[in-house]
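Let's take a walk through this model together, starting with the whole chain and then moving to its sheets, helices and charged pairs. Keep the structure open beside the text as you read.

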Amino acid sequence: MKVPTGEPGHWAFESRDVLAEVRFRSGEREALEFTLQGLGDSVAEAPSFRFVVEGCVVGWLAGATGRMLLNGAAWVMLSGWCGEGGVDPEGRVARVFGEGTTLFPGRRAWSRWRLYPERETPPLPGWVPPERYLPEGGAVEVPDLDVACTGDGLGFETTDEGSLVRGPIGCHELAIHGPNGVSFLEIGWHLPTEQLVSKALGRAGNRPDLEAWLLTWLLAQPALGEREQLLDRLDLALGDCLESPGLWSVLAGLRATQITDLPIRDEVEAVADGFSVEEALAGQGPAGGLALTPHPSSARIDFTARDVTLTRFRLDGKPESPAQQELERGLRTAGARLRCVLSTDPDPEAVAWLLLGSPLG
């Protein structure tokens, strides 16, 4: 039930057990405050607020840390708690307090936000690691002595500057215990590319075009064992996929003529004649409007390997600019995170796209 407040920018809703309030302050420094209060004599479950930010580029909604970046501004959580975010047709959504919250009698939960112009946006917390997705065996650095780190399956080492975190391949949630509460950050480790490609090959049996493309990448590596077996496998895969040429089969055939002695040059040239790789890539459509930014994000699936590669192609040959450098950093972060995901779930087509946008070595 809505409760009259008599105060501009103040809305209140009351049920038998919960009072929910929203306060908005307009002007030069716009601010928002969400509060929930338990009213009854027993524990109550309250649904979450939906904070919809139109035009938001990326959201980081992770416990005691919350940011919603726009072009030229940012909503920053000053205190309180925020849960996971998402995207709907209206914009990016912060589910304040997550899916819901438990309220004890008389206790309050709050989430206070302020809108900052870009030039005045507070810096990221000092504990944010410079690199969050590393090769297997690397240590993620948390450069802050005033926080503690925990995480399932992770190992921690204290140093003079902060903490070093190590863990198994894949993506993991790191909990940062600081003065404002507990924040969460995704980190991860990935396999070397050769191992990643080998794992993807194990799933590519029903796609001879992808199998051939992955095999040509492996055969281009200088210190490769079992070369004859892989050549035989490539010969069979090309025989299957060159009958109906597509992007991966043509690329695999062209590379095979450069790095192997297989007697396929005439067949590959006939298949490639009139086939335009540029047109095939253009036919894939544009990348999906991604938030490819190095800023830490609670988003888990905002980009694909195809998106990363097509965006990288669009950047080639463009003059250097601060915006392009930011996007390049975002691409590196996105690519590294995808490698962590693919190390535990090696989807052959996703690995193929990553290889297309990377050097052979």
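## The chain as a whole

A contact here means heavy atoms within 4.5 Å. Among the contacts in the protein with a separation of 6 or more, 59% are between residues 24 or more positions apart. Please keep in mind that this is a predicted model, in which local features need pLDDT of at least 70 and side-chain atom pairs count only at pLDDT 80 or more, while totals for chains, interfaces and linings use all residues. Residues are numbered from 1 along each chain as its sequence is written, and side-chain values use heavy atoms, with hydrogens and water left out.

The protein has nine helices and 18 strands; these are DSSP runs numbered from the N terminus, with helices being H or I of at least four residues and strands E of at least two. Of its 361 residues, 47% count as buried. Buried means under 20% relative accessible area, exposed means over 50%, and partly exposed lies in between, with a 1.4 Å probe and protein chains only. The protein exposes about 18,200 Å², and carbon and sulfur atoms supply 51% of that area. Accessible areas come from the Shrake-Rupley method with a 1.4 Å probe; for residues, only the protein chains shown count as cover.

Two strands pair if DSSP finds at least two bridges between them. Strand β2 (residues 10-14) and β3 run antiparallel and are joined by five bridges, with a hairpin of three residues leading from β2 to β3. On its other pairing, β3 (residues 18-25) is joined by eight bridges to strand β4 (residues 31-38), again antiparallel. The hairpin of β3 and β4 has five residues between the strands, and G27 takes a positive phi near 110° there.

The side chain of R23 meets that of E21 in a salt bridge (3.5 Å, N to O), a term for a side-chain nitrogen of Lys or Arg within 4 Å of a carboxyl oxygen of Asp or Glu. R23 counts as partly exposed because its relative accessibility is 30%, whereas E21 is buried at 12%.

## A nonpolar patch

Which residues form a nonpolar patch on the surface? They are W11, F13 and F24, with about 270 Å² of accessible area together. Patches are made of residues with over 30% relative accessible area and no salt bridge, where like charges are joined within 9 Å and nonpolar side chains (Val, Leu, Ile, Met, Phe, Trp, Tyr) within 5 Å. F24 lies in strand β3 and, at 31% relative accessibility, counts as partly exposed.

## The β13-β16-β15 sheet

Further along, three strands form an open antiparallel sheet in the order β13-β16-β15. Its edge strands, β13 (140-142) and β15 (155-158), each pair on one side only. Neighbouring strands in this sheet are turned by 25° against each other on average, direction ignored; the axes are lines fitted to C-alpha atoms, for helices over the stretch in contact, and angles run from 0 to 180 degrees between N-to-C directions.

β13 pairs with strand β16 (residues 163-166) in the antiparallel sense over three bridges, and V140 stands opposite V165 in β16. A salt bridge joins R166 and E157, with the closest N and O atoms 3.1 Å apart. R166 is partly exposed at 38% relative accessible area, and E157 is partly exposed at 39%.

Helix α2 (residues 208-219) contains E211. Is E211 buried or exposed? At 11% relative accessibility, E211 counts as buried. Leaving out residues up to four places away in sequence, E211 touches L201, A204, R233 and A237.

## Other salt bridges

The structure holds eleven salt bridges. One of them joins D209 and R207, whose closest N and O atoms are 2.9 Å apart. D209 is buried at 17% relative accessible area, while R207 is partly exposed at 30%. Elsewhere, R29, R119 and E120 are linked in a network of salt bridges.
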